[in-house]
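Please keep the viewer open as you read.

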Amino acid sequence: MTKQFLYPLLYFCGISKSMLLCSGGIGLHLLPILVCVLTFVAVTSCYFLSLTQDHLSPYFPYISDAGSKIPESCIFGQLLNIVSVLAGLCFYSWHKHLLDCSQKFNQQCYRQIRLARVALCFGLICAVGMSIVANFQETAVWSMHLLGAGLLFGGGSAYTLAVTYITYKYLGHSRIRITRLVLTFISVSSFLLQPTTGLVARFMYDGDNIRKWKPTDQGYSFHVVSSMSEWITALSFICFIFTLVWELKDYKVHEIKIVHRWSIISDDNYGNNNDDNMLS
């Protein structure tokens, strides 16, 4: 079932099965794939685990509600911490790809480089926000969790806007351009809708457990709109990250080489001595 769902998406981004494992290095397109897969695993596993523990309502919960209590909070935090690191590497890789394209096609201009840096900053803000959400549960430190959610979804929405603009201005196939434009519109719209309706729902709530909303509670309709907006924002942003596979499929990273620093100095001195001998 997973293969039937994943392979058409990879084909949409121009990736064949043989490209999943690059010879002589690790394909950078694996980064956005891992981000999407691990995020899906984190959210779905914690949701069903919290249902078995009777920690939340099965209908229209917030994403964070699924990872607010032990034991699901442990899984939620661990996986999202990993995803935040991978997402940061993914955003940085796309940034380097953009700079590489500007060098290859002699398009080095200050505006393009500045846009690339702005997009990278928004992406890193999003990754940091994800880590804060993972480590500060809403039941533990609400203010920090709210800050992390704002950085995550706000930075993510800004990142989609920046990357979509860069794609239309400098890069991209028409199929990717349209896809990113649609996903950006959905992500930004739902992001703006979620906090406004959420505040109204929280203000009107008259129940005894805010993580278990019931249709009879005051403000329930606003809560439904808010929670659905959050899920749509997250889903559209994950799909947007998956589109980065299109550019990163042409790049790979080799193993990191570690060299003793004194050996470098010795080699330099040896080379200088040889040069002196040759000059004498």
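## Terms and model

A residue is called buried when its relative accessible area is under 20%, exposed when that area is over 50%, and partly exposed in between, with a 1.4 Å probe and protein chains only. By that scale, D250 is exposed, at 55% relative accessibility.

This is a predicted model, in which local features need pLDDT of at least 70 and side-chain atom pairs count only at pLDDT 80 or more, while totals for chains, interfaces and linings use all residues. Residues are numbered from 1 along each chain as its sequence is written, and side-chain values use heavy atoms, with hydrogens and water left out.

## Overall make-up

The protein has nine helices and two strands. These are DSSP runs numbered from the N terminus, with helices being H or I of at least four residues and strands being E of at least two. Read from the N terminus, the order is α-β-α-α-α-α-α-α-α-β-α. Of the 280 residues in the protein, 43% are buried.

## Salt bridges

Two salt bridges are found in the structure; the term stands for a side-chain nitrogen of Lys or Arg within 4 Å of a carboxyl oxygen of Asp or Glu. One of them joins R180 and E247, whose closest N and O atoms are 2.7 Å apart. This pair links distant parts of the chain, with R180 in helix α6 and E247 in helix α8 (residues 245–248), 67 residues apart. R180 is buried at a relative accessible area of 0%, and E247 is buried too, at 6%.

The side chains of K249 and D250 also meet in a salt bridge, at 3.6 Å from N to O. Here K249 is buried, with a relative accessible area of 16%, whereas D250 is exposed.

## A nonpolar surface patch

Which residues make the nonpolar surface patch of about 950 Å²? They are Y59, F60, Y168, I178, L181, V182, F185, I186, M228 and I232. Such a patch is built from residues with over 30% relative accessible area and no salt bridge, nonpolar side chains (Val, Leu, Ile, Met, Phe, Trp, Tyr) being joined within 5 Å and like charges within 9 Å. The accessible areas come from the Shrake-Rupley method with a 1.4 Å probe, and for residues only the protein chains shown count as cover.

Helices α6 (174–204) and α7 (220–243) each give at least two residues to the patch, and α6 has the largest share, with five. F185 is in helix α6 and is exposed, with a relative accessible area of 61%.

## Backbone details between α2 and α3

Most residues other than glycine have a negative phi, and most peptide bonds are trans. F60, in the loop between α2 and α3, has a positive phi of about 55° although it is not a glycine. F60 is partly exposed, at 32% relative accessible area. The peptide bond from I70 to P71 is cis, with omega near 10°, and P71 lies in the loop between α2 (30–52) and α3 (72–104).
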